[in-house]
Each structure stands twice: as C-alpha cells, then as structure tokens.
Amino acid sequence: QIQLVESGGGLVQAGGSLRLSCAASARTVGMYAMGWFRQAPGKEREFVALISSGGSTNYADSVNGRFTISGDNAKNTVYLQMNSLKPEDTAVYYCAFSPESGATSKYEYTYWGQGTQVTVSS
C-alpha cells in the first residue's frame, strides 16, 4: 500500500500563489499516474491535474494555464504549483495514485492522501 501525505495548503489572497506537495511512502514502479483532486463543501471531488509515469500531464479546463504539476523522483514527491488563484479554487486538495497512466476519473485512483485545505480570499 502507498501512503500519501499532502502539505502546503493555506490561506492566500486572490491572485496569489501556493505550492502543494505530496510525499509518497514508497517509490512507484511501472505504469501509473499521480493526480491532484479537490473537493469543496457540498461538491463532488473533481479532477485538477495529473502526471503520468511517462511524464505526460493533463489539466482540468478550470485550472489550465494557471496550475502546473511536476514530480521529483529522488524525493518521491509530486507538486502542484498554483498561480493566479481565485476564490473558486477554495477546496480541500488531495493527491492520489492510479495504476493507470492517464486516469482523470476519481474512480480510477486507488490510494489517497488526507487532503490539505486551500482557501483563497477575495
């Protein structure tokens, strides 16, 4: 089992930036994807971004051009750089692991972190 721990959330003004980190307990092997999802109160958990084992990335339309996902294999860590933040970005952000290389559905992810709160004020 892979354990994932998110960090880096907090309170930021609209237009500001945050970098989230997701540290994995073990190095991943083979085909996989690491994804970021978010969930606001009363809303379904939604896809934000992913990076595959092959290095390809994918972003939700709502964050494309503002967020960047990246990884550091030596640290077993995935990052989400969030720029030009908007109040509607406010949510709990989760990192997750999928055994598929390009999964964008939450149902395709097997392991999840505990989440980190991101709050963007007006």
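Strands here are DSSP runs of E with at least two residues, numbered from the N terminus. With that convention in place, I turn to the structure above, which is a predicted model.

From the N terminus on, the elements run β-β-β-β-β-β-β-β-β-β-β. Along the principal axes, the C-alpha trace spans about 40 × 25 × 25 Å.

Let me continue with the overall composition. Of the 122 residues, 41% are buried. Among contacts with a separation of 6 or more, 58% are between residues 24 or more positions apart. The protein exposes about 6200 Å², and carbon and sulfur atoms supply 47% of that area. As for charge, there are 9 positive and 9 negative side chains, and the centres of the two sets lie 5 Å apart.

I now come to the aromatic side chains. A pair of aromatic rings is described by the distance of the centres and the angle of the planes. With ring centres required to lie within 6.5 Å, the count comes to seven aromatic pairs. One of them joins Phe37 and Phe47, edge-to-face, at 5.8 Å centre to centre and with 75° between the planes. This pair links distant parts of the chain, ten residues apart: Phe37 belongs to strand β4, residues 33-39, and Phe47 to strand β5, residues 46-52. Phe37 is buried, at a relative accessible area of 1%, and Phe47 also counts as buried, at 14%.

Tyr94 and Trp112 form another pair. Their ring centres are 6.5 Å apart and their planes stand at 80°, so this pair is edge-to-face. Here too, distant parts of the chain are linked, 18 residues apart, with Tyr94 in strand β9 and Trp112 in strand β10, residues 111-112. Which of the two partners is buried, and which is partly exposed? Tyr94 counts as buried, at 13% relative accessibility, whereas Trp112 is partly exposed, at 26%. Ring pairs link Phe37, Phe47, Tyr94, Tyr109 and Trp112 into a cluster.

Finally, I would draw attention to two backbone positions. Asn76, in the loop between β7 (67-72) and β8 (77-82), is not a glycine, yet its phi is positive, near 50°. Ser84, in the loop between β8 and β9 (91-98), likewise has a positive phi, of about 50°, without being a glycine. Asn76 is partly exposed, with a relative accessible area of 21%; Ser84 is partly exposed as well, at 41%.

Methods. Residues are numbered from 1 along each chain as its sequence is written. This is a predicted model: local features need pLDDT of at least 70, side-chain atom pairs count only at pLDDT 80 or more; totals for chains, interfaces and linings use all residues. Side-chain values use heavy atoms; hydrogens and water are left out. Helices (H or I, at least four residues) and strands (E, at least two) are DSSP runs, numbered from the N terminus. Buried means under 20% relative accessible area, exposed over 50%, partly exposed in between (1.4 Å probe, protein chains only). Contact means heavy atoms within 4.5 Å. Accessible areas come from the Shrake-Rupley method with a 1.4 Å probe; for residues, only the protein chains shown count as cover. Lys and Arg count as positive and Asp and Glu as negative; His and the chain ends are not counted. The place of a charge is taken as NZ of Lys, CZ of Arg, CG of Asp or CD of Glu. Rings of Phe, Tyr and Trp (its six-membered ring) pair if their centres lie within 6.5 Å; planes under 30 degrees apart count as stacked, over 60 as edge-to-face and the rest as tilted.
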